[in-house]
Amino acid sequence: MANRLQDQFVAVAGNIGVGKSTLTRMLAETFNWQPFYEANTENPYLSDFYDDMQRWSFHSQVFFLGKRLEHHRQLLDYPGSVVQDRTVYEDAEIFARNLYRQGNMSVRDYDAYRSLYRSISAFLPPPTIIIYLQADVDTLLGRIATRGRDFEQQIAPEYLAGLNLLYDEWVEDWTACPVLRVRVDGIDFQHNSEDYQSIVTRLRDVLPNRVR
């Protein structure tokens, strides 16, 4: 029998370039979970957003919110365990809030977005656990450069730093499910099996309903 953890909803959270998609894929392969990935390539506003955040922030965030809610519903309906690349909560609590604080989303647009988010997210069951990947700005910039997405190369260090602060604030206040914090500065869980197995071991220790 395959080594797996059954009936889990695991979400991988963290800043741009921190390794969410990679860890999502690896956990899905290890535990035979169904992965749900972030819809970056589907967002028709993303390239425009990075060129002009003030003009396109509301459009881009509403698209991501809709996709994330769609994925959240799909993974709740999935007959087995799932692992999600970024949560619906991060779109509102991190990215939209950061755009508003930096003056890249108007009060009117932010209020409309928050109202939509609150009215829907209140009915969504939370994950079993959130894995929060943490990294400093230098690490994030290095990984963003390495993966070579053209629209990401102009992201400012200040923008990533602001997101890091909001992530820490959000996790400190989050009580709906346990959070497993993993610092990825100085490790390489994609290519170093010991680094990856350390994450797997910590995850096994906190997940219920283990099947071996």
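Contact here means heavy atoms within 4.5 Å. Helices (H or I, at least four residues) and strands (E, at least two) are DSSP runs, numbered from the N terminus. The model is predicted, so to speak plainly about its limits: local features need pLDDT of at least 70, side-chain atom pairs count only at pLDDT 80 or more, and totals for chains, interfaces and linings use all residues. Residues are numbered from 1 along each chain as its sequence is written, and side-chain values use heavy atoms, with hydrogens and water left out.

## Helix H4 and its partners

Let's start with helix H4, residues 88–101.

| Pair | Angle | Axes |
|---|---|---|
| H3 (residues 53–77) and H4 | roughly 170 degrees | within 9 Å |
| H4 and H5 (residues 107–121) | about 170 degrees | 11 Å apart |
| H4 and H7 (residues 157–173) | about 135 degrees | 10 Å apart |

Angles under 35 degrees count as roughly parallel, over 145 as roughly antiparallel, 65 to 115 as roughly perpendicular and the rest as oblique. H3 is therefore roughly antiparallel to H4, and H4 and H5 are likewise roughly antiparallel to each other.

On the H3 side, Met-53, Ser-57, Gln-61, Phe-64, Leu-65, Arg-68, Leu-69 and His-72 meet Val-88, Tyr-89, Asp-91, Phe-95, Ala-96 and Leu-99 of H4. This contact divides into 9 nonpolar, 3 polar and 2 charged residues. Here Ala, Val, Leu, Ile, Met, Phe, Trp, Tyr, Cys and Pro count as nonpolar, Asp, Glu, Lys and Arg as charged, and the others, Gly among them, as polar.

Towards H5, the H4 residues in contact include Ala-92, Glu-93 and Tyr-100, and their H5 counterparts include Tyr-110, Tyr-113 and Tyr-117. By class, there are 9 nonpolar, no polar and 4 charged residues in the contact of H4 with H5.

With H7, H4 is oblique. Among the residues that meet are Ile-94, Asn-98 and Arg-101 in H4, and Leu-163, Leu-166 and Trp-170 in H7. The contact of H4 with H7 has 8 nonpolar, 2 polar and 5 charged residues.

## Two loop residues

Most residues other than glycine have a negative phi. Asn-32 has a positive phi of about 60 degrees and is found in the loop between helix H1 (20–31) and strand S3 (34–36). Arg-86, with a positive phi of about 70 degrees, is found in the loop between strand S4 (82–85) and H4.

## A pocket lining

The lining of the second largest pocket includes Gly-17, Thr-22, Asp-188 and His-191. Helix H6 (residues 137–147) gives the most to this lining, with 3 residues. By class, the lining has 2 nonpolar, 6 polar and 3 charged residues. A pocket is, on a 1 Å grid over the protein atoms alone, an open set of points where a 1.4 Å probe fits, with protein on both sides within 12 Å along at least five of seven lines; lining residues have an atom within 4 Å of a point.

Conventions: Axes fitted to C-alpha atoms, helices over the stretch in contact; angles between N-to-C directions.
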